[in-house]
Amino acid sequence: MNVRTVLQTFTTRFALLVLNFGIIIFTTNMWGSEGKGIISLLIADLAIVCFASNILVGSSISYFSTRLPLQQLIILSYIWSLLISITIPFIVTTSHSQEYVWYLIIISFVFSLLTANTNIFIGQNNLSRFNLYTILQQLVLIVFLIIYIYVFSWTDVYVYFIAQICAYTLLFITSSIEIFKPLQFKNVTISKTSFKSLFSYGWKTQLYSFLHFLSNRLSYYFLEALQGIASVGVFSVGVAFSEAIWTVSRSLAVILYSDIISQKQDISYIQQTKLSLKICFVLTCLFVLIMMIIPNSFYIIVFGKDFAQTKNIIMLLSPGILAIAISNIIGHYFSALGILRILNIKAFIGLGITIIGSYILIPSLGITGACITTVAANVISSIIVIYKFYTNTSFSLSDFIITKSEITMLYSKILSKIHS
């Protein structure tokens, strides 16, 4: 694992974390729990659309970017993005308000195009560009929000969606210029074989991602139906802290995935995965502890009085936060090796628990019921993938504890990279 890449990725993810919370704080104070609920639901709907588009523009385009002609992959992924973005939004909004369906269609399309480009960077092992465009998505969004709200005095919650469209469109154009520069698109044909390869790999990985997403977001829809849109806004802030802590595991997982798919031979995949597990486990525990130490009054001051339950939500979700952090690492290991069945089993079980728990607990317990359901789904489903990993390799408690010698080694490598 390249130390420079690790440092760069963590720096990017930390900056992204700061920007994300800046946006959360702004939106909660600007539009309250109801406005935050509207934004959270659209983002949840957008994620569902993206799972369909990511069959071709997600990890599949990363995996095949060095295996198939890139021009073919680009054309296929862009056409697929258009088709999915036109059709799927009407389906996902049938269960609730369709006031923002046209925003959803446009955002889905431009974001899918941008996702295709950024995942090409992963496939080329160009994580510096991937990291740059990842952070620019939030940074440029903030710039457009500032312009529209403070220059043009647009204060309706839907200005958030307009800013998203502008930010993603701008970044798609700039990333396309970089990607298209060395390519020749003359006489490029649309290959059925290439489409089948992309689709076959993509639907398997996206099935897992989609089911995992539903395990974490289905409670939003139950809360909206049973407790009102404001409860979604309150719960979503607690979930945002969970996902902020997962920044560590997701950063390490992306690096691990990129390293494995770019290597031609098995070069200590197990050892590299276990090193990622150690770092992930220790840092996740540290961040969970910090979140739990922060007094509840801090969350009220930052997010507003509507969000007084935030600390309780974080504490309830903490076991699931740690479980998913670990399974993120192992899941990307299996995904990079094309071992997808266990991930889908994990996701199906997590979704089943979520459906049953939401139906039973949310009507009587509200947000607390959503928290209990989420934790149960995350912990039980993660145990399955962790068990599968350790049937292929020996288990040791040292897999989750960084030794003094490893800390010294990592520290010396970091210093050498900084001064190089």
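The legends below describe close-up views of a predicted model.

**View 1. Helices α5 and α6 packed against each other.** Two packed helices are described by the angle between their axes and the distance between the axes. In this view helix α5, which covers residues 127–151, packs with helix α6, which covers residues 159–180, at an angle of about 140°, and their axes lie 8 Å apart. That angle makes α5 oblique to α6, because only angles over 145 degrees would count as roughly antiparallel. The crossing in which α5 passes α6 is right-handed.

**View 2. The salt bridge between Arg 129 and Glu 178.** Side chains of opposite charge can pair when their charged atoms come close. Here the side chains of Arg 129 and Glu 178 meet in a salt bridge, with a distance of 2.9 Å from N to O. The pair links distant parts of the chain, since Arg 129 belongs to helix α5 and Glu 178 to helix α6, and the two residues are 49 residues apart. Arg 129 counts as partly exposed, at 26% relative accessibility, and Glu 178 is likewise partly exposed, with a relative accessible area of 31%. The count of salt bridges in the model comes to one.

**View 3. A nonpolar patch on the surface.** Val 143, Ile 147, Val 151, Phe 152 and Trp 154 form this patch, and together they have about 460 Å² of accessible area. One of these residues, Ile 147, has its place in helix α5. Ile 147 is described as partly exposed because its relative accessible area is 32%, a value that falls between the limits of 20% for buried and 50% for exposed.

Notes:
Residues numbered from 1 in each chain as written. Predicted model: local features only at pLDDT ≥ 70, side-chain atom pairs only at ≥ 80, totals over all residues. Heavy atoms only, no water. Patch = residues over 30% accessible without salt bridge, like charges linked within 9 Å, V, L, I, M, F, W, Y side chains within 5 Å. Areas by Shrake-Rupley, 256 points an atom, 1.4 Å probe, with all protein chains shown as cover. Salt bridge = Lys/Arg side-chain N within 4 Å of Asp/Glu carboxyl O. Helix = DSSP H or I, 4+ residues; strand = E, 2+ residues; numbered from the N terminus. Buried < 20%, exposed > 50% of the residue type's maximum accessible area, 1.4 Å probe, protein only. Axes fitted to C-alpha atoms, helices over the stretch in contact; angles between N-to-C directions. Parallel < 35°, antiparallel > 145°, perpendicular 65-115°, else oblique. Left-handed = near helix turned anticlockwise from the far one by under 90°.
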